[in-house]
Every structure is written in structure tokens, then in C-alpha cells.
Amino acid sequence: MSLRSKPSGVNLRTRTEKIILYSFFVVFLAYALTLIMPMIWTAYNSLKDARSYNEDAFKFPAFSEMEWSNYVNIFDEQSMTVSIPFAIFNTVWRSVGTVSLGIFFSACTSYVVCKYADHHRWLNWVYAFVVTIMIIPVLGATATSYNLIHNELQMANKPWLIWTSWCSGIGFGFLMQYSGWKSLSWSYAEAAFMDGASHFQVFWRIMLPMIKPIMSALFVVNFISAWGEYMDTVMYMDEWPSLGYMIYALQNQARFFGMPLYFAVIVVSMIPTLAIFVAFQETIMKNMTTGGLKG
Amino acid sequence: MAKPRNALKKGYSSKAHRKETWFILAMLAIPFVNFLVFWLWPNFRSITIAFEVPSIEGFTLYNFERFFDELASDVTGPQMWKMIDNSLILFVVSTVISLPIVLFISYILFKKIPGYKAFRVLFYLPAILGTTVMSQIFKSLLMTGGPIEKLLDALHIPIDDMTRFAGFLNAPDTSMLMVVIFVLWTGVGVNMIMFTGAMNRVPQEIFESARIDGVGFFREFFSIILPLIWPTVTTMIVFSMVGIFSNASLVLLLCPENTACYNVGYYILRYTLNANYTIRVEDTFCYPAAVGLIFTLVNVPLVFGVKKLCDRVSKNIEY
């Protein structure tokens, strides 16, 4: 912190403040433990056999008793009744697809709405409109969206069609990228226009690369939340189930093949998002912010 | 607010204007079509089919009558009111209780409490693992004969027979409490990231000069941080309000068979999913659409009222 460089050299943290911070430290530690303990519990129970889990769910298994084969068995379609590799495949293409298209199209919409509103006043109305429909709670549309996808468009369970519903260009990504564009100076674009660049070239080659940090933070955060997605599977894609859906659906069957196998599926599904988060932590922390909702 | 001034101002011809217009339209084309098909059409249809019923020709208020009859009836009424109550409880817990707590947690992390980096990661853990994984782990912990039951037994905390038999999430007395605990337990993550992000954008000099003026820990939070990040706070409050009646996934994940924790969103979802198994598919979506419309009409003024109120508390500040 920059406080250190203060010439006076006094510690600016007061005594009371220290006491407050340390008492919160204890509370935080307790809360963190409630989060981490169930994870550890899940992880070590995934290495037991079903019988020893039923006997004692708390006991940590001895190293020699650990059932590493659980992690092989979950990929066996016969014993699980479902295909986990297929679920992983679905989760990957669906998460990457929905997140990339969502971010790309919200980059397009937020860019023109932010940067061209001076000459095209109606874009201010577009902005106000986008913000307004984002905060209109649409409840009745659950049924009609379902009907649209299933019956009117016949898009349910068709991966080569469903992606069209991901190109909305509004939502949280719009807000975040809008504030990103706003903090970018237009003079880079001006210089490029002087050199005869087209609008699209300026967007694609000059402006877009500059909000890459925001886009990657958005990508990581949205990817992490898309990874566990299961509602779309329930609604439209039950023949292309995601891992999140498997975890949701397998819970009821776990009694048949044993909880440890179920926990192994959970652990496998946790690894990618954990790894991605650890790798991109700094990017997320620095770039996640939306500001206000004007409009 | 300073708007970016376009360089083309000087030699800005109508030809250049037309070129810009084409570029704008090209950029907005696909999202616009997407909006028409996947947003406007289903929403428009949800309003019109709310006034339709399979057996009756033309315009009818039957669906609305049915809803209010069920609400007033002695048989179905209590369950319906419970479901509305549950939606309101979830709203109070996630907006009124959880958000301020998370805001304060973010402030303390922002003040660089020892180990703040580790805490930030750990508190974000529920968001990393996702609601699905968290809810199923939560469910496994609360299962009949599961770890929590054994833990309570070991601590000699009495559990009544009904709860023991059904499990905490399926017993009518404890299920909603469990849902609330789950919301609070996992609710720190994303909001914390947003709040910390906003706090980090406040210029350091403000804190330094405040310190020299002797501003304390709590005053710094209420008089400096809170007003400066208020736009972000407003955004989070508004988004949380939008979800009051649509939060179906929580029930679906935690206790889909237990009517004691049903809420409005789940009620609509159940009707929607069941409707597809009947013969004339489109018609049976009428009732859930009508229920959705009723609660949208309740929710919209709430959202916009709260937004207006939040905006009035302090005008948007730019820095």
C-alpha cells in the first residue's frame, strides 16, 4: 500500500481499527471453514467405497484403503447409467459457445451505443431501452419461451440451432463493456480514421483489443457460471445434458451406485472451474465492475 | 458526463453519416433479430395467451379468475400464500440481509485484513463451484442419516422424529430455513467481487486525505465508500429485486418435492414443464403465463420504485 511511503512514517492504522479488523478476522475464518470443510469432506469421501461411507461419513480413509478406482468407474456408462464423458463434452461446447457469443455481441452493441451516440442520437434511446428491459422482470415468458423453442422453432435438443439464442448482446456483459468503452479515448480511432481505416477495422483492430482485459474477466466469470448450468438442460437440451444437470439428476440415483462415486463426479466437475479461477484470479479482481444503471 | 467527440466533426458530410449508420445497423443487426425472436415474441405471446383458454373461443379472463379463486379458496389458498411468502422471504434474505452484509465484508477485505487474498478466493468458492455443485453438497450433508444429523446428535441437539425421518430439506418445518441458510451461506461470492471492484476504483488520495483528517473506520465506510460506490450498490439491489419472483432454480435444486418451500417462480416452472406432457401443448401454457403476468405487474413498480429511490439517495457520481 502507498501508506508506507508517507514521510511521517507513523502507522496510520489505529488501535481500535486493529481490534475491529482482528475480530472480523476470526469471523471470516469461521465462515471460510464452513465453506472449505464440506469441500474437503466431499473430496475424501469420493475415495471411499460405498460401504465405508455408510458406516462412517466422517472418517478419513487410510491411504491404503483409498478407492482411486472410483475415478475410473465414473466414466463407465454401465455402472453410472449415464455417460459422464458425453456430459463433459456438452458442458465444454455449451459453456464456450454461450459465453463467447454473448461477450462478442455485447461488445458490438455496447461499442456502437457508447461511441456513436453523438452523431446518432437515437442510440441513447437504444441504451435506455437495453437497460430498461434488463430490469423488467419477465415471468410469464417462461412458458412461452419454452413453447417457442420446443414447438414454434423446433430448436430443442438441436445444438446446431440452439446457439442462435445466445447472440443477445445485452445483459451484464453489455453494462461492463459499456463502462469499458467509456473510459477509452476516442482519439485512437480518430487517428486510424485519418489513415483511412473503416469503421469495422477501427472496432476490430484498434478498439476491441484495448478492452481485452475486461473481456477476459467477463469470459472467466461467465464461463465459471455457465459451467454449472443445468436449467437450460431441464428446459431445452435434455438429450445433450451438461455436467451440472448430471450432478442434479444423479443425486436421486446415488443410493444405487453409492455416494462416493457421486462425490467423484462432483470433484471432476469442480476441477476445471477451480483451475481457471486460480489462473485468472487477478484479471477478475481488477476488471469486474459495472457502475450504475443510467437510463 | 463527457461524451467522446468524434473527429469526423470537421469534414462530417452526409455521406460519412450514412456510412456510420450502415456500420451501426450492421453491428446491431444480429442482436436485434435475437431480441425480436427470443425476447419480444415470447413476452408478447405470454401476454396474449394469458387471456386465452383451450376450451373457450377468444378473449377470456378465466386464467386470472382461476388464480384469484385458488388464492381465496380454503383448500389451495394457504399453499398459494405460503409460496408468495417464500418468494418474499427469499427476497428479504438476499437483498435486505445478505447484500448489506456482503457490502461490509467487501469493505473489510478492501481494508486488507490479514489473509484478505485467501479470504477473497475462499468466499468466491461457491460461485466458482456453481450453485448446482454447492446445492448438491449441501443436500448430501443434510441427508437422512447424513453428516449434519450425526453432528447434531453428537452435540445432543434434539431433532424431532418427523425431521429425522424426512431429512432437513424435506421436512415441512425446517425446509425453508435450510433454503435461507443456503442463500446466506453461498451468497457472498459474486456481489463481493462487484463491490470490491468498485471500491478499488476509488482514488487512493481520497482515503489518504480522509485519514489525515482523522476519519475513522466506520465513518470512512459510511461517508466515503458508500456514497462513491452507490451506483454499483444500486445496480446490485435492482438486479436482486428483478429476481424476486423468478427464482425457481433454488427450489428445483434443493427441495423439488417439498411444497413447504415452493415459491412463485417454481410454481410457474412446474406448470410450464407439466404442460408439455398434455395433448394440446400451446393452450396449457395459458395459466402459467397469466400467473407470470400477475406477478410481473406486482414486480415492475417495485423494481422501478426502488431504483428511483436509490437514485435519489445520491446522484450518480463520476470520478
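Select chains A and B together and look at where they meet: 90 residues of chain B are in contact with 80 residues of chain A, two residues being in contact if their C-beta atoms, placed from the backbone, lie within 7 Å. On the side of chain B that touches chain A, highlight helix α1 (residues 14-49), which gives the most, with 19 residues; helices here are DSSP runs of H or I of at least four residues, strands are runs of E of at least two, and both are numbered from the N terminus. Coloured by class, this side of chain B shows 52 nonpolar, 26 polar and twelve charged residues, where Ala, Val, Leu, Ile, Met, Phe, Trp, Tyr, Cys and Pro count as nonpolar, Asp, Glu, Lys and Arg as charged, and the others, Gly among them, as polar.

This is a predicted model, in which local features need pLDDT of at least 70 and side-chain atom pairs count only at pLDDT 80 or more, while totals for chains, interfaces and linings use all residues. Residues are numbered from 1 along each chain as its sequence is written, and chains are lettered from A and ligands numbered from 1 in the order in which they are written.

Along the principal axes, the C-alpha atoms of chain B fill a box of roughly 70 × 65 × 30 Å.

Now turn to chain A and colour domain 1 (13-77) and domain 2 (82-287) separately, bearing in mind that such bounds come from an automatic or database domain assignment. The centres of these two domains of chain A, taken over C-alpha atoms, are separated by 31 Å, and their contact takes 15 residues from domain 1 and 14 residues from domain 2. On the domain 1 side, select α1 (15-45), α2 (50-55) and α3 (70-73) of chain A, each of which supplies at least two residues.

Finally, select A:Tyr111, A:Val265 and A:Ile266, which touch the most other members of the largest nonpolar core, a set of 139 residues. Such a core joins buried Ala, Val, Leu, Ile, Met, Phe, Trp, Tyr and Cys residues through C-beta atoms within 7 Å, a residue being buried if 20 or more other C-beta atoms lie within 10 Å of its own. Helix α4 (residues 116-142) of chain B provides the largest share of this core, twelve residues. Both domains of chain A give residues to this core, so it lies between them.

Key:
A residue is buried if 20 or more other C-beta atoms lie within 10 Å of its own, exposed if 12 or fewer, and partly exposed in between; C-beta atoms are placed from the backbone.
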